[in-house]
Amino acid sequence: MSTSKEIFLKDYKEPDFWIEKTELFFDIEVEKTIVHSKLSIKRNGTHSGELVLDGVDLKLLELSIDGQELSADDYSVTDKSLIVITDKNEFVLESKVEIDPKNNFSCEGLYKSGEIFCTQNEAQGFRKITYFLDRPDVMSKFTTTLKADQKVFPTLLSNGNKLSESVDDNGKLVVSWEDPHPKPAYLFAVVAGDLAKVQDTYTTMSGREVKLEIFVDHGNEDKCDHAMLSLKNSMKWDEDKYGLEYDLDIYMVVAVDSFNMGAMENKGLNIFNSAYVLAKKETATDANFAGIEAVIGHEYFHNWTGNRVTCRDWFQLTLKEGLTVFRDQEFSSDMLSRPVKRIDDVVMLRRHQFPEDQGPMSHPIQPKSYIEINNFYTATVYEKGAEVIRMIHTLLGEKNFRKGMDLYFERHDGQAVTTDDFVNAMSDASGIDLAQFKMWYHQNGTPKLKISEKFNEGDKTFELCVEQVVDLKGQDFASLHMPFHIGLIDHEGQELPIDGELELKNTKEIFKFENIDKAPIVSLNRGFSAPVIIEKDYSDKDLIHLMAFDTDTFSRYEAAQELYKKELKRFVEAYQSSTEYKAREEFFTAYGRLLNDESLEKAYLAYALALPTVKELYESYEVYTIEAAHYAIKNFKLQISDRFKDDFERIYHSLETKDFDLSAKSMGERSLRQVCMSFLTLQSEKKYSELAIGQFENATNMTEEFSALSFLVNNYHSESDAYSQAFYKKWKHETLVIQKWFALQTGYSEVSIETLNELENNEAYDKKVPNLLRSLVGGFAMNNHLRFNDPSGDGYKYVADKIIEIDSYNPQVASRLAKSMNHLKRLDEKRKGLLAKELERILTHKLSDDTFEVVNKNLNG
């Protein structure tokens with residue numbers, strides 16, 4: 001059980017002291033590291049309180065103020081802090097501590113990834129390096145000197161610009177770095193290792209030449225081209241879009257295998273999960289390439305939205321993350337296909353954030369409280385936060401939004417600020433009142449919009465009634481200000497000339513449109529203008545009409561998905577009543593028209609043809625219909641395959657090419673080709689399994705090689721072992737590729753617990769590497785819904801055992817894994833009892849704050 005206190009936003013106050021300058025000296029050895037710090041400290045105000053610095057797992061060796069060693073009466077040490085008694089208002093506190101990076105498996109502070117020493121300090125990792133005021137509103141100028149054996153650690157990196165490099169009398173390499181920009185400790189970084197360097201340059205809009213350097217393990221140099229191109233594109237995009245220029249002489253990226261997150265925006269020295277740097281066509285899928293572009297962009301954009309202007313406290317996390325996700329989404333939209341990227345972002349939001357909003361960890365994008373801040377690096381803070389920024393952009397328009405960004409930086413450059421500061425800058429620059437809009441930051445839950453309509457044939461008017469509803473479990477609900485874009489389409493398929501860019505502010509609003517000859521079909525929430533759930537009872541006929549004629553690409557996609565869900569629910573009903581169901585002929589006609597529409601972008605068509613996932617289907621029920629949902633999707637997809645297999649095969653072969661590039665067009669063609677294959681491999685005829693085998697054996701890129709293997713494993717499992725083993729032998733030394741293989745094995749719907757245990761003993765698996773943990777254990781818990789939720793309870797027990805084990809050395813990974821158990825209240829009674837038993841068992845163990853908070857809310861929330 002945890003004894004930590006809950007921390008509340010309402011209790012925020014400034015620190016009692018400021019640290020204006022920080023000088024750090026690292027003596028790095030394989031077995032231990034000595035950190036000597038000199039902190040220039042100033043009392044904040046006239047109080048006489050003690051100085052309390054954060055520190056965890058530190059061995060204090062020396063402590064002095066202004067050169068005078070402190071006696072035991074002048075300070076005390078706890079397991080989480082150093083308390084210093086002094087009446088001085090300004091002083092230099094020096095400390096020397098010993099830390100053990102080699103045995104630090106939490107991937108926080110200074111730790112070892114492979115043979116590399118690196119840091120991860122967001123949110124509160126710096127306290128594992130030295131004693132400090134480890135909070136984001138304490139911004140200090142850092143100078144860092146690193147010393148190490150140059151044979152073992154020839155690469156020594158830190159933030160900012162390099163001041164000097166030399167070899168001391170003992171033959172050790174000594175490198176000094178200076179960051180001229182004040183920053184909080186969470187943005188501090190150090191890397192020490194023997195790394196290869198890939199370099200380039202970028203000339204900024206003012207003519208400065210910036211060195212670009214990517215550091216990777218030796219042998220991976222040929223996998224950096226895409227990351228480097230993405231970085232240069234990001235720098236150019238930010239200059240063109242926002243007039244923001246990079247502000248140091250060098251920009252460094254380091255790829256490491258052991259990393260809890262995707263990447264970290266440390267000033268001038270980004271540290272990345274290698275999955276978001278390393279890629280070539282033979283080892284990375286198109287999704288990997290797109291992810292690298294987005295994350296490289298995201299971390300670079302943080303240089304201004306996160307580093308130059310940072311958060312006052314961790315409750316303001318969405319200030320930097322929501323804004324920067326919006327920026328990376330816009331960047332990727334400009335690099336690839338804007339309509340497809342919009343669908344991709346909404347799919348991500350609905351699959352991850354909407355369930356979070358309905359679950360026990362539901363919170364506003366600005367949480368009101370937390371026990372462990374690491375638990376709030378969530379889809380709500382990031383993806384919903386980005387949607388909130390997008391709504392501001394929509395309400396203000398491009399020109400006013402840019403004015404607001406300019407004013408935000410003008411007012412707050414070099415400061416730690418709040419979400420209110422950002423919204424106020426937007427409002428002041430545009431002259432648009434956003435006071436009511438701020439409720440998006442404070443109210444959790446996904447708003448629902450109940451839609452009704454009325455057509456008056458006599459006076460030729462059409463009325464649209466929109467009512468806001470949010471289930472806040474007893475909390476007060478305030479109506480939200482949001483954009484709501486609509487269109488009206490007549491029965492001939494023509495768009496009616498109306499102003500459909502509506503705004504909602506009241507709980508219930510009625511919009512009246514005149515000169516409407518016949519009752520139109522309404523296209524709602526175009527472009528997903530607001531992150532809401534639409535409640536409207538569309539007929540199949542109306543959805544089919546929107547699929548054919550809606551001019552908004554997102555709404556056309558949405559109509560198709562809603563039609564699929566209606567059909568799937570009929571399959572669910574059939575399963576529950578032990579009857580058979582055949583999809584309606586009207587559906588097949590509409591699907592065939594969509595499938596053969598050659599005017600559509602191929603990537604868009606791939607999305608539009610794909611059915612909702614199992615989880616998306618049973619999320620639409622109050623109590624999960626797990627077996628019924630699997631039955632529904634399997635049988636519906638098979639019926640589609642039976643009807644259109646000739647069309648799928650024709651399209652599949654028409655898209656075959658030996659050329660490979662990363663254009664939106666080529667990636668879209670590969671995506672559509674794999675969607676066709678996903679339907680074809682449901683057929684039992686040998687020619688279709690041979691089609692998958694042929695693709696697997698002849699593939700020249702990982703997208704097609706791994707897709708083919710996935711179809712073989714999931715649809716022709718008895719025949720797949722030879723191909724699965726061939727893939728394993730070919731790629732077992734490529735950790736990023738073998739992670740895909742582990743995830744595929746654990747995602748198979750009939751995988752046994754015995755097989756999971758065998759995979760854990762595989763020579764390519766290392767439970768201390770977060771990516772491998774996520775692929776094997778996380779792949780099972782998050783993606784294998786049928787087996788994880790097996791009515792025997794075996795899946796729950798397996799994952800519970802792993803949570804308990806992993807929490808002992810990596811609480812962040814354990815707590816995220818525990819979020820797979822957040823659906824207790826949505827299960828049938830039998831499963832509910834089995835899962836509750838496992839949650840209770842986890843709570844009997846000594847847990848980190850990270851894991852305790854999640855498990856406790858899963859059980860009692």
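Reader: Where is Arg-327 found?
Author: This is a predicted model, and in it Arg-327 is found in helix H3, which covers residues 317-335.

Reader: Is Arg-327 buried or exposed?
Author: Buried, because its relative accessibility is 0% and the cut-off for buried is under 20%.

Reader: What does the side chain of Arg-327 make a polar contact with?
Author: With the side chain of Asp-238, at 2.8 Å.

Reader: And which residues does Arg-327 touch, leaving out those up to four places away in sequence?
Author: Trp-237, Asp-238, Tyr-242, Leu-244, Phe-301, Thr-305 and Met-405.

Reader: Now Arg-308. Where is that one?
Author: Arg-308 sits in the loop between helix H2 (286-301) and strand S22 (310-311). Arg-308 counts as buried because its relative accessibility is 14%.

Reader: Which side chain is joined to Arg-308 by a polar contact?
Author: That of Asp-413, and the contact is 2.7 Å.

Reader: Stepping back, how many helices and strands are in the chain?
Author: The chain has 26 helices and 32 strands. Its radius of gyration is 28 Å, close to the 29 Å that the globule rule gives for 861 residues, so the chain is as compact as a globular protein of that length.

Reader: What box do the C-alpha atoms fill?
Author: Roughly 90 × 65 × 60 Å, taken along the principal axes.

Reader: How much of the chain counts as buried?
Author: 60% of the 861 residues. The chain exposes about 34,200 Å², and carbon and sulfur atoms supply 47% of that area.

Reader: What share of the contacts with a separation of 6 or more comes from residues 24 or more positions apart?
Author: Such pairs account for 70% of those contacts in the chain.

Reader: Which residues touch the most other members of the largest nonpolar core?
Author: Phe-26, Ile-392, Phe-422, Ile-640 and Met-821, in a core of 279 residues. Helix H14 (residues 626-654) gives the largest share of this core, 11 residues. In soluble globular proteins, nonpolar side chains tend to be buried together.

Reader: What is Phe-422 in contact with, apart from neighbours within four places in sequence?
Author: Leu-319, Leu-323, Ile-389, Ile-392, Met-405, Tyr-408 and Tyr-441. Met-405 is also one of the residues that Arg-327 touches.

Reader: Backbone next. Which residues does a cis peptide bond join?
Author: Glu-122 and Ala-123, with omega about 5 degrees. Ala-123 lies in the loop between strand S11 (116-120) and strand S12 (141-149).

Reader: What is phi for Phe-528?
Author: Positive, about 50 degrees, although Phe-528 is not a glycine. Phe-528 is in the loop between strand S31 (521-523) and strand S32 (533-535), and it counts as buried at 1% relative accessibility.

Reader: And is Ser-578 buried or exposed?
Author: Ser-578 is exposed, with a relative accessible area of 69%. Its phi is positive too, near 55 degrees.

Definitions and conventions: Residues are numbered from 1 along each chain as its sequence is written. This is a predicted model: local features need pLDDT of at least 70, side-chain atom pairs count only at pLDDT 80 or more; totals for chains, interfaces and linings use all residues. Side-chain values use heavy atoms; hydrogens and water are left out. A nonpolar core is a set of buried Ala, Val, Leu, Ile, Met, Phe, Trp, Tyr and Cys residues joined through side-chain atoms within 4.5 Å. Buried means under 20% relative accessible area, exposed over 50%, partly exposed in between (1.4 Å probe, protein chains only). Helices (H or I, at least four residues) and strands (E, at least two) are DSSP runs, numbered from the N terminus. Contact means heavy atoms within 4.5 Å. A polar contact is a pair of N or O atoms within 3.5 Å; within protein, one must be able to donate a hydrogen and the other to accept it, and residues adjacent in sequence count only if both atoms are side-chain atoms. The radius of gyration is taken over C-alpha atoms; the globule rule is 2.2 Å times the number of residues to the power 0.38. Accessible areas come from the Shrake-Rupley method with a 1.4 Å probe; for residues, only the protein chains shown count as cover.
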